Each structure stands twice: as structure tokens, then as C-alpha cells.
Amino acid sequence: MSADVGAQLRKGVVESCVLGQLALQPMYGWQLSEMLVGHGMIASIGTLYPILSRLRAQGLVSTYDEESAAGPVRKYYELTEAGTRQLDNFRDQWIPFTAAVRTLIGTDDTNA
Amino acid sequence: MPDPSTPGITVAYLAQLEESLRPLSAETRREIVAGVREELQGLNDGDARQRIAELGDPEFIAATALAETESDRGAGDPTSARVPLAVTEASPAAATPREPGWYPVVAAVTFMFGSFVVPVFGTIVGLGAVWFSKTWTRTEKLIATLAPVAVLVVGGLVSLVSGVGLGGLNGWHLAVILAICSPLAIGAWLLWRAKRRWTPAKA
């Protein structure tokens, strides 16, 4: 169990992290991928697209195409209303959840 | 259609990516390739090289995408060991093994030596095992299937045209023998492709 703690933790929150990023502004694939890979949340852009597919299937994210100044048309991802509600829900739960975990796991000098 | 100003490295990278993503669903493959193409579009050779280095090895992208789609199917079981740690760690570790490591080796070896145990049928069984394996792409499997046939046809045509024989065997017999032995070379090639797929690419 010890080695894949990180993997299990990330698995539970990565979708909410995507929603959290899109709440700031609509983003295109590479933008999102760079941010999430940079924070160690996903391993590569290959991980991102199945996640985005799932979020779209659940109606939490939608897309639109936009021409950039430099020319290439980019597909942008944005939050839907349902996505915004889902993110708010997660935010409400996250702080109490991490507080509870911190209490339960203790530190090196409290729980044996 | 790639326009003539697209750098060669971009064209090659996208082609590699398509190939590596074969094990995934057509929809996921399309999305990933479209997303990557969008990012590389309009970049000159130097910028494309840099972005490609940042994107990473196509095999790694495919492995992480596969891990994500497979773990989604197993979702709901937080204790499931199916999320391979190697690909959820943010490091280009070895590609996810999708089947027991011994399976592709047994498949390739059966394909190579099957005919010496049970003539023709042994090789066909080995070939079937190769097709069922997740280690090789469809293109590689097709090559393995068609190559012995090609050897037979080419060998047969050569013998017909030139009437060549060897040590008492006429050309046609020779072509048949070569076709039967060709799985040895093809099987070795399959093993080499499998090994390449399992070994992490150098950064």
C-alpha cells in the first residue's frame, strides 16, 4: 500500500483540480496539461484527455473553438453551471476533510 | 493533410503518436492527437522540437492515457491495485504492462518454433496468441501474419521464373521451406519490438 499512496490520493482529486483550473478561465488542452503536470497531478497530456472526456460526458465541462492571434484554432474547455456547482461542492468538503485526516494521522510525535 | 511548411519532426511525432495510441479507443486517440497537433501547429522546427521534448515520448503518453481509461473502468474500488503506480508518478517510468510479461514471450516463441512441434498448425496457434496479445500494434501483427505468405509467394514466383533449385530441391520446395522458417526471423523481430516497448525511453 505504501508506494501507491500518492497515486490513490491524486486519483481522487484530479478531476476537481481540472474543474478548479477552469474556474479561473477557459483553457486549452496544453495549458491545462502544463499546469497539472507541473504540479505533479498527472503524468502527461495523455492522462488529461480521458479525464476531460469524462467531465464532458458528465456535463461538467463544455468546449468551444477559438482562433488565436497567431493563427491556429484552439479547442477551449470551460466549466458548465453543473461543473461550477460540483467544484463548489468539492471546495466545501475539502477543508474539513483535510482537517479530519490531519487529526487522524497525527504527526511523528503524537500518534505512535 | 500536413501542409508543406510543417516541420518534418512534427509530422514524424504526430505519426508516432497515432501509432502508439492504437490500443486506445478511436475517440480518445482522436482527441489526444488533435490536442497535440493543435499545440504544434504553426511552430517552426526549433519551437516544435522544444514543445515535443516537453510533451514527451509518444509511448509514454499512450501508456498514461491507457492507465487513465483502464482505471476509470475499475472506478469505485479505491483499494483496486489496477492503477499502475509507474504511470501515475510524474516521471517517465516504464510503460504499463497490460498483460503478464511472460505472455508475449510465449506467444512469439510458439509462433517461431510451433511448426517444428506441430507442422503449420503450431505456427498458426502461435500467430493467434500474438494477435491476442496487447503488446504489439495491429500493424505489427499484420506484418507477422502476411510475411510468411509474402515469402512463399515471392519465393514461388522466383522459382517459377528462374527455375532455380538448391541441392536437389526444386525452387518451389525451397520457397515452402523458407516460408516455414520465416517465423523464426519474424518472431525474433516481434520479440525485439516487445522489448523496445517495455524499456523506458531515454529522456
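View 1. A:Val61 stands opposite A:Leu79 in strand 3 of chain A. The model is predicted: local features need pLDDT of at least 70, side-chain atom pairs count only at pLDDT 80 or more, and totals for chains, interfaces and linings use all residues. Residues are numbered from 1 along each chain as its sequence is written, chains are lettered from A and ligands numbered from 1 in the order in which they are written, and side-chain values use heavy atoms, with hydrogens and water left out. Helices (H or I, at least four residues) and strands (E, at least two) are DSSP runs, numbered from the N terminus.

**View 2. The open sheet of chain A.** Three strands in the order 1-3-2 form an open sheet with antiparallel pairing. Strand 1 (27-28) and strand 2 (61-67) of chain A are at the edges with a single partner strand each, so one side of each has no neighbour in the sheet. Two strands count as paired if DSSP finds at least two bridges between them. Strand 1 and strand 3 of chain A are joined by two bridges in the antiparallel sense. Here A:Tyr28 has A:Tyr76 as its bridge partner, and A:Met27 stands opposite A:Tyr77.

**View 3. The hairpin of strand 2 and strand 3 of chain A.** These two strands run antiparallel and are joined by seven bridges. A:Thr63 has its bridge partner, A:Tyr77, in strand 3 of chain A. Five residues lie between the strands of the hairpin, in which A:Gly71 takes a positive phi near 125°.

**View 4. The interface of chain A and chain B.** Chain A gives 26 residues to the contact and chain B gives 28 residues; contact means heavy atoms within 4.5 Å. The buried area between the two chains is about 2,300 Å², with 54% from carbon and sulfur atoms. On the chain A side, A:Lys11, A:Trp30 and A:Tyr49 lose the most area to chain B, together 25% of what that side buries. Buried area is the accessible area (1.4 Å probe) that two parts lose on being put together, summed over both.

**View 5. The salt bridge of A:Arg74 and B:Glu39.** The side chains of A:Arg74 and B:Glu39 form a salt bridge, with the closest N and O atoms 3.0 Å apart. A:Arg74 lies in strand 3 of chain A and B:Glu39 in helix 2 of chain B, so the pair joins two chains. A salt bridge is a side-chain nitrogen of Lys or Arg within 4 Å of a carboxyl oxygen of Asp or Glu.

**View 6. Helix 2 of chain B and what it packs on.** Within chain B, helix 2 packs on helix 3 (residues 45-55) at about 145°, with axes 10 Å apart. B:Val36, B:Glu39 and B:Leu40 of helix 2 make this contact with B:Ala48, B:Arg51, B:Ile52 and B:Leu55 of helix 3. Axes are lines fitted to C-alpha atoms, for helices over the stretch in contact, and angles run from 0 to 180 degrees between N-to-C directions.
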